Amino acid sequence: MENLKNGSDVLFILLGAVMVLAMHSGFAFLELGTVRRKSQVNALVKILCDFAVSTIAYFFIGYTLAYGVNFLGGAEQLAEKSGYELVKFFFLLTFAAAVPAIVSGGIAERAKFSPQVAATFLLVGFVYPFFEGIAWNDKYGVQAWIEATAGAKFHDFAGSIVVHAVGGWIGLIAVILLGARSGRYSRDGKISAHPPSSIPFLALGAWILSVGWFGFNVMSAQTIDKISGLVAVNSLMAMAGGTLAALIAGRNDPGFVHNGPLAGLVAICAGSDIMHPIGALATGSIAGALFVIMFTVTQNRWKIDDVLGVWPLHGLCGAWGGIAAGIFGMKSMGGLGGVTFEAQAIGTALGIGVAVAGGFIVYGALTLLFGIRLDAEQEFAGSDLSIHKIGATPEREPGG
């Protein structure tokens, strides 16, 4: 029976890892559909290479930093319990690799390739696992302090803060240091619109992400005996709420509509295991409207050229999700309890603080040492031709 349990747990979390791995193709197609045609190849290459670099950084550094486990022993040791620790690493790697995938969307079309790969290694190897260890492995005594101060530990079941807010706030710092795309904002206050290059690809990315998200959330139980249908239905309700809120607030704009479900799913991660489905619907609906409003404010009023809106989508909706878990997760609001608003506020603020500090250190250092932006000529030609020497749809063979 023990072997059956171990094998079932391995299969369960492996299916989750594969579903979240598939989400990375969603990140790629969401970015591909949003950027201009001259940057589509770069979007695809970045996400794949970022995942590969994340795998190396997390295997040798990040996972050990967060959980104190390394894989340098013999294969016999690694195969214990049907290799559960290995597939747990695989599952949590797909979460860690989401951070540079999130950042990628914000800095699209004008970032150098090699510095971003270096940033990925540093973020996944050091910055992300530092806060991951605090939130999910009780490291450094922070959770004990929050519990003593606020009456409960900080609760983030599937990463509204640990993954999404951290990625979104790092992305904001990178976008600010990088600056806007050339011609996006003129000196006389005019804004040059850069509409999505492909709504079908954008929609495909959103659908892949939405489907994979049920692995992201449900499989965060990590063992089959802890699986909960409540997590699945809460994710569904938040997805629906985010979609409809973005539809209304965005006035039928397809870009907003397809980011709406993602906003709702980002927000529900933290409290998906403790909220009532009506609370999840409210959480997702607020997130969908929040994304539309703050994307517009960020782009048009503050003139921050966050191409995919990663800060409002992941940074702000993730932060809202952390707070929402402390509201709708309480028994008085129909939830299962075990959380407090104060603990959620402290944990959320801490996650944002780590992300902002880490973003400044990593991208600030890379800016000073190597520069992180393409030169004007390269940006005009597009990152596809400048970096990869080929466009998404070349009309003829080179030299033909």
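In what follows, a residue counts as buried under 20% relative accessible area, as exposed over 50%, and as partly exposed in between. The structure I present this morning is a predicted model.

I begin with K5 and D9. The side chains of these two residues meet in a salt bridge, with a nitrogen-to-oxygen distance of 2.5 Å. K5 has 32% relative accessibility and is therefore partly exposed, whereas D9, at 5%, is buried. Both lie in helix α1, and because they are four residues apart, about one helical turn separates them.

Helix α1 also packs against a neighbour. The axes of α1, residues 2–34, and α2, residues 40–67, come within 8 Å and cross at roughly 155°. The two helices are therefore roughly antiparallel, and their crossing is right-handed. On the α1 side, the contact involves L21, H24, F27, A28, E31 and L32; on the α2 side, Q40, A43, L44, K46, I47 and F51. Of these residues, eight are nonpolar, two polar and two charged.

I turn now to the other salt bridges. The whole structure contains nine. One of them joins E109 to R181, with the closest N and O atoms 2.6 Å apart. This pair links distant parts of the chain: E109 sits in the loop between α5 and α6, and R181, 72 residues away, in the loop between α8 and α9. Both residues are buried.

A further salt bridge connects R184 and D305 at 3.3 Å, N to O. R184 lies in the loop between α8 and α9, and D305 in the loop between α12 and α13, 121 residues apart. Again, R184 and D305 are both buried.

Finally, R36, E109, R181, R184 and D305 are linked in a network of salt bridges.

Technical notes
Residues numbered from 1 in each chain as written. Predicted model: local features only at pLDDT ≥ 70, side-chain atom pairs only at ≥ 80, totals over all residues. Heavy atoms only, no water. Axes fitted to C-alpha atoms, helices over the stretch in contact; angles between N-to-C directions. Parallel < 35°, antiparallel > 145°, perpendicular 65-115°, else oblique. Left-handed = near helix turned anticlockwise from the far one by under 90°. Contact = heavy atoms within 4.5 Å. Nonpolar A, V, L, I, M, F, W, Y, C, P; charged D, E, K, R; others polar. Salt bridge = Lys/Arg side-chain N within 4 Å of Asp/Glu carboxyl O. Buried < 20%, exposed > 50% of the residue type's maximum accessible area, 1.4 Å probe, protein only.
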